[in-house]
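Keep the picture open while you read.

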Amino acid sequence: GTLTSTGMTSVGSLNNSGIATIATNSVLTAGGPVVNSNEMNVNGSVNLPANSHLTNTGAGTLNLAGAVITGTVTNNGDMNVNSNSRIDGNLINNEDLRLNSTGGAAVTLTVTDTFENTGSVDGSGTGTLTINATDYINGVGGTVNNVNVVGNLLNRSSLTYDEDSFLAGNLTNDTTGLVNVSAGLDMRGNNVTNRGGFTIGTDAD
């Protein structure tokens, strides 16, 4: 079925296996966990209690467009960032997070605490994806392609830039990390510490 939240809606917990939409300027307040196993469109606000998660399962698609989510978000499926959105808490990405802007827009996803990635984060294509996080950890198994980062970035896996991008924070490439740069990468005066593999190639432009 279809669940559309407009205005102010309060629930205990929410387990969505249909299509759920939190409309622009609306607020969904949950007293427990929110689990999506099909399609969830967050265009408004979702408020979670302390120690509860919004979990997007392996079968789920989570679309953010002007979203403000208070609490921890765990993505085990597909997560699309369509326009500027914010997570007031932690973001744990174990699967696919991608830019899905309209008309080549510049899109920012703000994470007020830690963003930890062991999946894929892709900002390739038309438009740009910027992750603004207090700490960005690209863990073992994680891949990051053409994502601007505001905040300190710790890379323990694969970091690729073949489109012009920027890092507005310090980059630490750990012993298991591989960084490949073949485009303009503006570090904006920040520091690079390399303990792994770091390759700078030719910019095709």
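This is a predicted model: local features need pLDDT of at least 70, side-chain atom pairs count only at pLDDT 80 or more; totals for chains, interfaces and linings use all residues.

Start with Arg98 and Asp96: their side chains meet in a salt bridge, with N and O 3.8 Å apart. Residues are numbered from 1 along each chain as its sequence is written, and side-chain values use heavy atoms, with hydrogens and water left out.

**Salt bridges**

- The count by this rule comes to six salt bridges.
- Asp78 joins in too: Asp78, Asp96 and Arg98 are linked in a network of salt bridges.
- How exposed is Arg98? Its relative accessibility is 31%, so Arg98 counts as partly exposed (buried means under 20% relative accessible area, exposed over 50%, and partly exposed in between, using a 1.4 Å probe and protein chains only).
- Asp96 is also partly exposed, at 22%.
- Another pair is Arg195 and Asp174, whose side chains form a salt bridge at 3.8 Å, N to O.
- Arg195 sits in the loop between strand S27 (192-194) and strand S28 (197-200), and Asp174 in the loop between strand S24 (171-173) and strand S25 (178-181), so this pair ties together parts that are 21 residues apart in sequence. (Strands are DSSP runs of E, at least two residues, numbered from the N terminus.)
- Arg188 pairs up with Asp186, and their closest N and O atoms are 3.9 Å apart.
- Asp186 is partly exposed, at 41% relative accessibility.

**The cavity**

- There is one cavity of 30 Å³ or more. (Picture a 1 Å grid over the protein atoms alone: a cavity is a set of points where a 1.4 Å probe fits but cannot get out, and lining residues have an atom within 4 Å of a point.)
- The largest cavity has a volume of about 30 Å³, where volume is the space filled by probe spheres set on the points, and points are joined across faces, edges and corners.
- Which residues line the largest cavity? They are Leu3, Ser5, Leu14, Ala20, Thr21, Ile22 and Leu28.
- Strand S1 (2-5) and strand S4 (19-22) are the elements giving two or more residues to this lining.
- S4 gives the most, with three residues.
- The lining residues divide into five nonpolar, two polar and no charged. (Ala, Val, Leu, Ile, Met, Phe, Trp, Tyr, Cys and Pro count as nonpolar, Asp, Glu, Lys and Arg as charged, and the others, Gly among them, as polar.)

Conventions. On a 1 Å grid over the protein atoms alone, a cavity is a set of points where a 1.4 Å probe fits but cannot get out, and a pocket is an open set with protein on both sides within 12 Å along at least five of seven lines; lining residues have an atom within 4 Å of a point. Helices (H or I, at least four residues) and strands (E, at least two) are DSSP runs, numbered from the N terminus. A salt bridge is a side-chain nitrogen of Lys or Arg within 4 Å of a carboxyl oxygen of Asp or Glu.
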